[in-house]
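I opened my notebook to record what I looked up in this model, entry by entry.

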Amino acid sequence: FSLQWYVEFINSPVWITAVKNSVIVGSGTIVLSTSLSLLAAFGIRQSDSKWLERIVPLTLMPLFLPPVVLGVALLAFFGSYSLHQTYGSIIVAHALWATPISFLILQSVMTQVNWGLQDAALDLGASPLRTKFEVIFPQIKEGLFASALIAFIISLPEFIMALFLSG
């Protein structure tokens with residue numbers, strides 16, 4: 001047993017840069033994916049439209065596209081705006097994969113929320129924003145954490161789109 005290879009890893013600027021880039025992209029994916037998923041879950045929860053029941057399964061469509069096809073399409077799109085070699089383009093690409101799963105997690109978490117507490121807080125004079133932060137978010141914090149963790153885990157091993165978009 002030896003710690004030689006751990007020391008080599010820590011002393012290698014190439015590996016440290018790769019880890020730093022992975023953390024930056026993963027963190028950006030967490031923020032974008034979880035934010036979009038949370039907004040969509042709240043929007044669907046507050047809507048009574050029958051169309052949404054038919055549209056929700058379409059959120060899974062990016063998962064059915066092979067990474068190579070999605071990578072080439074995103075390369076063409078971001079390349080036309082000279083954005084193909086940026087962290088932002090890679091974060092958006094990874095969020096395309098992570099957002100549907102994060103959305104499904106948060107949508108299922110929303111079914112467990114006691115919405116009567118929100119109504120009570122609003123009836124007692126709390127603002128809608130305060131109600132979200134003090135009544136709803138404490139009830140969904142575990143789901144938010146799971147959603148963010150899944151987004152990071154999905155982003156971390158995704159190499160094909162990063163290769164296409166990083167140049």
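I looked up which helices line the largest pocket, and I found that helix 2 (13-45), helix 6 (87-110) and helix 9 (160-166) each supply at least two residues of its lining. Helices here are DSSP runs of H or I with at least four residues, numbered from the N terminus. I noted that the model is a predicted one, where local features need pLDDT of at least 70, side-chain atom pairs count only at pLDDT 80 or more, and totals for chains, interfaces and linings use all residues. Residues are numbered from 1 along each chain as its sequence is written, and side-chain values use heavy atoms, with hydrogens and water left out.

I then read what a pocket is: on a 1 Å grid over the protein atoms alone, it is an open set of points where a 1.4 Å probe fits, with protein on both sides within 12 Å along at least five of seven lines, and lining residues have an atom within 4 Å of a point. The largest pocket holds about 320 Å³ of space, a volume being the space filled by probe spheres set on the grid points, which are joined across faces, edges and corners. I listed 16 lining residues, of which N21, S22, E158, F159 and A162 lie nearest the centre. Helix 2 gives the largest share of this lining, 5 residues. By class, I wrote down 9 nonpolar, 6 polar and 1 charged residues for the lining (Ala, Val, Leu, Ile, Met, Phe, Trp, Tyr, Cys and Pro count as nonpolar, Asp, Glu, Lys and Arg as charged, and the others, Gly among them, as polar).

Next I turned to the aromatic pairs, of which the structure holds 5. Rings of Phe, Tyr and Trp (its six-membered ring) pair if their centres lie within 6.5 Å, and planes under 30 degrees apart count as stacked, over 60 as edge-to-face and the rest as tilted. F9 and W15 form a tilted pair, with 6.0 Å from centre to centre and 45° between the planes.
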